[in-house]
Amino acid sequence: FNTLIERMVEQKHLIILLNNTGGTNLGSVSIGITRILFDEPYDLPKKSIARKLMKTMKESDVKSAIEQYQVIKKSHPKDYDFSPQELNSLGYALLQKERVEDSIEIFKLNIEVYPKNSNAYDSLAEAYMVKGDKKLAVINYAKSLELNPNNTNAILNAGYCYLKMEELDEAEKYFGKYIKAMPKSVKGYNNLAIVFFLKGDYGTAVAYYQKALELNPNADTYFNLADALNADGRYDDAVNAYEKALEFEPGHNEAKQALLTLCFQLGYFEKARDLISPSLKEREDVYVKHIDSGSRLQTKGLLHEALREYLKAYQINPLNSQLLFDIGRCYYKLNNFVDAEKYLKKTVEIDSDIAEAYNLLGQIALANGDDAEALVLLINAVEKKPELAEAHLYMGMALLRIGDLLQSIKSI
């Protein structure tokens with residue numbers, strides 16, 4: 001959808017256009033209405049050639065759409081809008097639908113029809129960037145800049161392409177041009193800093209990151225500044241910059257890890273301890289929260305939901321035997337014996353005194369037809385907890401299946 005609101009204060013006219021039928025050119029509609037209001041000659045809005053071609057491409061392919069464009073342009077030149085914006089909007093619509101090759105062909109058509117249109121080359125270059133063809137992208141950005149040297153989007157994106165191709169001198173040149181054209185944009189300073197960092201000129205990288213921070217202080221740029229300071233051997237300044245990043249974004253894990261590593265290297269153990277302590281307390285609080293939530297849900301019989309909570313706790317601490325047992329028990333009650341067995345075996349590996357785990361493992365073995373293994377496990381359960389009635393019952397069943405009638409009667 002798109003909208004247009006145009007107000008003519010002196011004449012007391014207001015035009016409001018609301019459209020939900022796609023990217024209609026409301027500007028031409030508004031011009032027509034304005035001419036009508038002032039009793040001037042007007043043209044009816046032309047139909048969108050982009051929409052016509054998109055319909056064709058849904059039914060056929062891009063080649064058919066291009067052929068259709070050429071036919072309609074010759075046969076109905078006044079009925080459709082053949083402005084370069086039409087093909088440009090169609091190309092971007094295809095990019096959004098991830099039809100990259102088709103978008104490239106449409107942008108090429110636009111250049112063929114409008115070879116002096118700077119934006120047409122810029123759009124084709126962007127499509128090549130999406131495709132990953134950086135060489136063709138920079139060729140088209142260069143052509144766009146020949147036609148319009150003030151195209152800052154082309155300057156910046158050409159710099160990106162050269163940076164990704166590791167042609168650092170060219171990247172430096174384009175980012176430098178971008179800064180001259182857009183001195184208040186942080187993008188140029190941040191990207192020049194990256195270029196100089198990759199060149200090993202850490203001092204210059206630091207200077208550009210500092211300039212970027214003057215314009216837009218944020219966690220990521222402080223983090224990058226700290227990395228550059230660290231590489232430049234200015235360790236205390238790096239510590240301060242990492243701390244600044246964490247002031248802006250306390251959850252910035254990369255900054256926290258880098259600061260912790262640097263503190264250990266510098267022997268700042270008290271500072272390192274202060275970094276670790278809140279993290280451990282945080283993890284412990286989250287862990288307890290998941291355990292408590294899992295227990296409540298299990299009590300209510302909501303086993304799937306309980307299992308999800310227990311597994312989140314398991315990601316934090318995979319060595320808690322009671323947690324492992326609770327996970328195994330949930331899987332058992334959900335008749336997922338494979339995963340139940342896996343977690344119950346982990347339970348007894350860590351704590352061999354949990355009788356209930358042996359009991360459930362014995363029941364799984366019985367269900368799998370392994371009566372002898374079931375008997376061993378259930379005997380283990382009974383030895384560890386003689387009052388565990390369920391283990392006695394299943395041990396009796398195991399003995400009965402093995403054929404020891406007298407012992408099975410005693411167990412039951």
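**Charged pairs and a surface patch**

Glu 247 is exposed, at a relative accessible area of 55% (buried is under 20%, exposed over 50%, partly exposed in between, with a 1.4 Å probe and protein chains only). The model is predicted, so local features need pLDDT of at least 70 and side-chain atom pairs pLDDT 80 or more, while totals for chains, interfaces and linings use all residues. Residues are numbered from 1 along each chain as its sequence is written, and side-chain values use heavy atoms, without hydrogens and water.

Glu 247 meets Lys 244 in a salt bridge at 3.7 Å, N to O (a side-chain nitrogen of Lys or Arg within 4 Å of a carboxyl oxygen of Asp or Glu). Because Lys 244 and Glu 247 are three residues apart in helix α13, about one helical turn separates them. Lys 244 is partly exposed, at 33%.

In helix α11, Lys 211 and Glu 214 are also three residues apart, and their salt bridge has its closest N and O atoms 3.6 Å apart. Glu 214 is exposed at 61%. Asp 169, Glu 172 and Lys 199 are linked in a network of salt bridges. The count comes to 19 salt bridges.

Glu 86, by contrast, is buried and has no salt bridge; Arg 51, the nearest side chain of opposite charge, is 7.6 Å away (Lys and Arg count as positive, Asp and Glu as negative; His and chain ends are not counted). The side chain of Glu 86 reaches the backbone nitrogen of Ala 50 at 2.9 Å.

Definitions and conventions. Polar contact = N/O pair within 3.5 Å; in protein donor to acceptor, adjacent residues only side chain to side chain. Helix = DSSP H or I, 4+ residues; strand = E, 2+ residues; numbered from the N terminus.
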